[in-house]
Amino acid sequence: MNRGRGSRRRLTPSDITRLMEETRQQIARNLDISPDRIRYGPLENNRPGRLNTQGDHWQIHYRGQWKELPWHHDGPLQVTREHVKKWHGNPAG
């Protein structure tokens with residue numbers, strides 16, 4: 001019985017690049033911002049994330065700086081503008 005082994009094709013580097021770009025575009029649409037304000041990569045000085053996570057992170061250009069995109073238990077596509085304000089503080093409130 002084949003339990004799915006061998007039936008899935010491996011993602012190629014170009015597949016991963018395409019998926020990351022689609023994700024970046026969707027995060028930007030969800031936040032109603034330019035996709036140029038979203039990126040994926042190491043945090044400044046390779047510091048850990050807010051939840052002490054290591055490696056690459058989704059980031060948002062917020063208040064003139066690149067900052068970690070807030071963490072959401074259902075993934076980055078679920079982050080809202082309200083999450084960003086709460087995560088990084090709201091100067092108006």
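**The sheet and its residues**

Mentor: His 57 counts as buried, because its relative accessibility is 8% (buried means under 20% relative accessible area, exposed over 50% and partly exposed in between, with a 1.4 Å probe and protein chains only). This is a predicted model, in which local features need pLDDT of at least 70 and side-chain atom pairs count only at pLDDT 80 or more, whereas totals for chains, interfaces and linings use all residues. Residues are numbered from 1 along each chain as its sequence is written, and side-chain values use heavy atoms, with hydrogens and water left out.

His 57 lies in strand β2 (strands are DSSP runs of E with at least two residues, helices runs of H or I with at least four, numbered from the N terminus). The side chain of His 57 reaches the backbone oxygen of Gly 55 at 2.8 Å. Beyond its neighbours within four places in sequence, His 57 is in contact with Arg 39, Tyr 40, Gly 41, Leu 43, Gly 49 and Glu 68, where contact means heavy atoms within 4.5 Å.

The sheet itself is open and has three strands in the order β1-β2-β3, with antiparallel pairing (two strands pair if DSSP finds at least two bridges between them). β1 (38-42) and β3 (65-68) stand at the edges with a single partner strand each, so one side of each has no neighbour in the sheet. From one strand to the next, the twist averages 45° (axes are lines fitted to C-alpha atoms, for helices over the stretch in contact, and angles run from 0 to 180 degrees between N-to-C directions).

Strand β2 (residues 56-62) pairs with β3 in the antiparallel sense over four bridges. Gln 59 stands opposite Glu 68 in β3, and Trp 66 in β3 is the bridge partner of His 61. Two residues separate the strands in the hairpin of β2 and β3, where Arg 63 takes a positive phi near 55°.

Lys 67 lies in strand β3. Lys 67 is buried yet has no salt bridge (a side-chain nitrogen of Lys or Arg within 4 Å of a carboxyl oxygen of Asp or Glu). The nearest side chain of opposite charge, Glu 44, is 10.0 Å away; Lys and Arg count as positive and Asp and Glu as negative, while His and the chain ends are not counted. Leaving aside neighbours within four places in sequence, Lys 67 is in contact with Trp 58, Gln 59, Ile 60, Tyr 62 and His 88.

Key
Polar contact = N/O pair within 3.5 Å; in protein donor to acceptor, adjacent residues only side chain to side chain.
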